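Work through the exercises below with the sequence and coordinates open. Each task is followed by a worked solution.

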Amino acid sequence: MINSDIVHDMAGRPVDCSGPVWRMNTPGAPIELDWGTIAALPTSILEAAQMYVRHKIPLWAPPTIGGLFYMYKLLSECRSFEQDGGALTCATFEELRADGRAGGPELTRYRAWYDWAATLELPGFDRSVSGALNLLRIGTNPQGRPARKKDPELGPLSDTERQELFEKALDAPDEDLPLMERVAVLLGTALGANAGPMSLLQVQDFSMRSSGNTAYHLLEVPRHKKGFERERADFRTRPIERRWAPYLERLIAQNRARADEIYLEATGHPRPEQVAVPLFMREAIRTDLEPAMAEYSLHITGNDYTALLRRAANRLKVKSRHGGTLRLNARRLRSTVATNLIADGKSLQVVADALDHSSTRYVANYEFADHRMVESLDARIGDIMEGVAGGFLGTLTEASSEVTRQRAPSSRIGFVDQAEEGAKDLGNCGSGETCELAPPLACYTCRKFEPWIEAPHRRLLEQLTAERARRAEAHMHPRIIAVQDRAIRAVAEVVEKIEQNRSAKEPSGQ
C-alpha cells in the first residue's frame, strides 16, 4: 500500500508530509516547513500552498522548496486578502511586492503558484487575476535595494586585504590558527567557491597525480545549483598550490583518524561505511538530519564554514581597509576571485569557468558591482582617504640618535631589498604600541614613523615603482595597478625632504 503522506524528493528520498512540520532532506542547515507559523492564511489558501509544495518536492531542490515556503511566510503577513473575502487578488500581489523582503524570486514563485492554482480552479484563485499577473514584469530587484557589493565592507577584498589574509594564513603558527580554519581560508581565497560546496567536501575529493617529474595536487569541488538530483552528483577539478597542499594533507589525515572516534563516542557503535569523512569535520555528530542524510552526520554546514572564516580572520587580526577587523565570508572571497580575474583581463569565459557559472551573463554582475562602484566607494571612504592623502606624516631622524630618542632595536622598521637580497633598516616606530598594519608601507603615512635620513628610502621607492610598472605592463585593472600609490607618494616625499635637507646643509657656492 502506498502512503500518500510520503512524497519522494528529487533524489528519491522520502519526505513525511503527514504532520504540521515537513522536514526536507538536506546536508546543510535544516529546512523545515512549519505550517503552524503561517496559520494566518485562509484555510483554502493554506491548503493550496500545501498542495503546491507536495507537487514541487519531487521537482525542486530542498533550498528552493525552502524559498517557496519563505514566500508563504511573507504572504501570511499580508492583510489585503482579509478585505477580499479570503481570496488572493492583484492587491495581494502588490502588497507582497511592497514588502522590502520580497525580491524577484519570491514574486516569481508567487505568480507561478497562483497560475497553477487558478488553472486547477482552486478556491480563492481567479484566472483573470492570473492573466493580469502574467502581464507584469518582475525585475530581479524590484525595490531598488542597493547591491551589497557596493559596501566596501561587504564586497571584494582589496589587494592589500587579500594579501595580508593569505600570507598570515600561511605563516601563522599552529597554536595561533587551528588547522581547519587555516585550510578554510586557503581554499576559500584560492577557489572562491560558495560555502555550500565547501561544506560538502570529503577526504577522497583530494588527490595527487604525477606527470613526468611533476606532481599535481587536485581537489574535486562539488557543484551546486545545476539541477542535479543529488548533492555531490558532479564535480569541478581545481588545482591546489603545492606550497600549501601539505596543510590539506595534514587535515585529511587528522580527520580520518578522528572520525571513527567521534562516531563511537556519540553512538557507542563503529562508524558505518555510509557515514562519510568530510574535509571540514564536526566534533559531534549531527542530530538534526533526516535518516536519509546520514552520510553527512560529520559534515559542517555552509553557515559553519562561514563561521570558520570569521574566526580565522579574528585570530589572525587581519585589518580591513578602514582599520577595523576584516569581515570575512565565502561570498566576499568568491567576489574577490572574480574581481581579480576581471582586473587581470581574463575573458568572461575564463571567469565563468573559475566560478562554475553556467553562463557568462552572471559574470557581468561582478564587473559592474565591483569595478563600477567608484562613486559609492568615494562617498563612503572619502573622509578616510582625506585623512591620509597628505603622504608622509612622520619626522625625519638620524640612526645615531636612536638611543637619545629612547628607541629600542625592536622598534626598527625595515624592508627586503630585492636587488641585494638583504634586509635594510629604514627607521624607527615611535608608537611603542602593538600595531597590526603592515610595515613598511603603512609606516610612511603614519605620524609615529621616524625614518632615518641615511636609510635607503630611494631603493625602496625604486622597488615600488618597478613593481607598479610590472602591474601596468601586465594590463591589470587600474585600481590594482595603483594599489600602492599612496605609499609611493609618501616614500617619494621622504626622499625629497632628505635631498632638500642635504642641499640646505651644503655650503653656498659649491
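**Exercise 1.** Describe how H8 and H10 pack.

Solution. Step 1: helix H8 (residues 179-191) and helix H10 (residues 245-267) have axes that come within 10 Å and cross at roughly 135 degrees. The model is predicted: local features need pLDDT of at least 70, side-chain atom pairs count only at pLDDT 80 or more, and totals for chains, interfaces and linings use all residues. Residues are numbered from 1 along each chain as its sequence is written, and side-chain values use heavy atoms, with hydrogens and water left out. Axes are lines fitted to C-alpha atoms, for helices over the stretch in contact, with angles from 0 to 180 degrees between N-to-C directions.

Step 1: in H8, Leu 179, Met 180, Arg 182, Val 183, Leu 186 and Leu 187 make contact (heavy atoms within 4.5 Å) with Tyr 247, Leu 248, Arg 250, Leu 251 and Gln 254 in H10. By class, this contact of H8 with H10 has eight nonpolar, one polar and two charged residues.

**Exercise 2.** Which residues touch the most other members of the largest nonpolar core?

Solution. Step 1: a nonpolar core joins buried Ala, Val, Leu, Ile, Met, Phe, Trp, Tyr and Cys residues through side-chain atoms within 4.5 Å, where buried means under 20% relative accessible area with a 1.4 Å probe, protein chains only.

Step 1: the largest such core has 51 residues, and Leu 187, Phe 280 and Tyr 305 touch the most other members. H10 gives the largest share of this core, eight residues.

Step 2: not counting residues up to four places away in sequence, Leu 187 touches partners including Trp 244, Leu 248 and Phe 280.

Definitions and conventions: Helix = DSSP H or I, 4+ residues; strand = E, 2+ residues; numbered from the N terminus. Nonpolar A, V, L, I, M, F, W, Y, C, P; charged D, E, K, R; others polar. Buried < 20%, exposed > 50% of the residue type's maximum accessible area, 1.4 Å probe, protein only.
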